[in-house]
Amino acid sequence: DVLRDLCSNKPMNRLLCGDVGFGKTEIALRAIFVSVFSSKRVVVLTPTTILCDQFYRCCVGRLGDFGVKVAQISRLTSGNTKTLELFIKGEFCDVLVGTHAIVRSKNVLRSTDFFIVDEEHRFGVKDKEMLFSQNPSADFLSMSATPIPRSLQLSLSGVRNISTISTAPKLRRPVITDVVVFNKTLLKQFLIRELNRGGQVFVVDNSVDNVTYLFNLIKSLLPGFSIGLIFGSLKKHEIKNTMSLFRNKKINVLVSTTIIESGLDIPSANTVVINNAHMFGLSQLHQLRGRVGRSFVQGYAVLFVPKKTSFTKEGI
C-alpha cells in the first residue's frame with residue numbers, strides 16, 4: 001500500500017496501524033529508502049528524545065551503507081540550527097529525524113517531500129496539520145499502535161487511507177501480564193527472575209518522586225546489580241549516557257517515568273514492572289507492555305496497584 005502510494009501521482013496520506021512490535025518501523029525504513037533514491041527529502045517526527053535517538057541510530061545502521069545521509073534534531077543534539085539550514089538548502093542531509101521542534105520550522109516543512117509521524121497519537125492536531133498547510137503536495141505517513149479517534153475517523157471515512165499489520169513477527173510470543181498488589185518481596189522476585197536468565201528490566205512509575213523512591217528501593221534490594229534512573233528533566237548528557245549503558249547491557253534495571261513509553265526497542269529487556277498502574281491510561285499501559293517481548297524471548301509485564309485499590313472485571 002505504501003509503495004503504491006509513493007509511486008502514484010497523488011500525495012500519500014496514510015495511517016499505518018499495527019500492534020506494538022509488529023514492524024511499523026520496518027515499513028517506514030523501506031519507504032524512506034525508496035523516497036531517498038527517488039531524490040526526495042524525508043522528515044521523521046518522533047515524540048521523545050529517546051525515540052528520536054533510537055530512530056536515528058536505526059536509519060544510520062540500515063541506510064548508511066547505501067550512502068543515505070541522516071541527521072538528528074532534538075534536545076540531546078548540538079548544532080541544531082546549522083543542521084536545519086543544511087536540510088533546507090538540500091545539502092548534507094537526506095533524512096532528518098527529530099522531535100516536535102521540527103514542526104515549528106515552516107521552511108523545513110516546505111522543503112520536505114515525505115513526512116513520517118511515528119507514534120502519531122502523541123502529537124496534537126495542530127502539529128500534524130501544520131504540514132498540510134505549508135506543503136500540501138508532500139507524502140504523509142503516520143504510524144501508531146493506538147491511534148486517536150480522530151485519526152481513525154479520518155481513515156474510516158475515506159479522507160485518509162489506512163493499512164493494518166495484523167500478523168506478529170515469527171517466533172513472537174504474547175506478553176504474560178499480571179496485576180498484583182504492590183509488595184517489596186514480590187518486586188524483588190520479579191526482578192531476580194528476569195536477571196537470572198540474563199535479561200534486563202524496565203521499572204516505570206508516573207512521577208519523578210516515585211521513580212526516585214523506587215530507584216533507591218531497588219538499589220537496596222539488589223545491591224550487586226547496576227541500577228539506572230532517567231526522567232525527562234534530567235540533563236541531556238545524563239539521559240543519553242544512561243540509555244547508552246542500558247542498551248549495552250551495562251545497566252541491569254532501568255527505573256524510569258513514561259519517557260520510555262513509545263517505540264523503544266531493546267530486545268534484551270523482557271520484563272517491565274509498572275508501579276501505580278491504576279494511574280495510567282489503557283493506551284499507555286498497552287504501549288509500556290510493548291517495550292518487552294520484542295524478540296523470541298518470553299516477555300513479562302507486572303502491573304502493581306496499591307493495596308486498597310478495587311477494580312471491576314471490565315477494568316482488569
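1. Ser163 touches Asp1, Arg14, Leu15, Leu16 and Cys17, leaving aside residues up to four places away in sequence; contact means heavy atoms within 4.5 Å. The model is predicted: local features need pLDDT of at least 70, side-chain atom pairs count only at pLDDT 80 or more, and totals for chains, interfaces and linings use all residues. Residues are numbered from 1 along each chain as its sequence is written, and side-chain values use heavy atoms, without hydrogens and water.

2. The side chain of Ser163 makes polar contacts with the side chains of Asp1, at 2.8 Å, and Arg14, at 2.7 Å. A polar contact is a pair of N or O atoms within 3.5 Å; within protein, one must be able to donate a hydrogen and the other to accept it, and residues adjacent in sequence count only if both atoms are side-chain atoms.

3. Ser163 is part of strand E7, residues 161–165. Ser163 counts as buried because its relative accessibility is 9% (buried means under 20% relative accessible area, exposed over 50%, partly exposed in between, with a 1.4 Å probe and protein chains only).

4. The largest pocket has a volume of about 500 Å³. Of its 24 lining residues, Gly21, Gly23, Thr25, Asp265 and Arg294 are the closest to its centre. On a 1 Å grid over the protein atoms alone, a pocket is an open set of points with protein on both sides within 12 Å along at least five of seven lines, and lining residues have an atom within 4 Å of a point.

5. Helix H3 (49–63) gives the most to the lining of the largest pocket, five residues.

Technical notes
Helices (H or I, at least four residues) and strands (E, at least two) are DSSP runs, numbered from the N terminus. On a 1 Å grid over the protein atoms alone, a cavity is a set of points where a 1.4 Å probe fits but cannot get out, and a pocket is an open set with protein on both sides within 12 Å along at least five of seven lines; lining residues have an atom within 4 Å of a point. Grid points are joined across faces, edges and corners, and a volume is the space filled by probe spheres set on the points.
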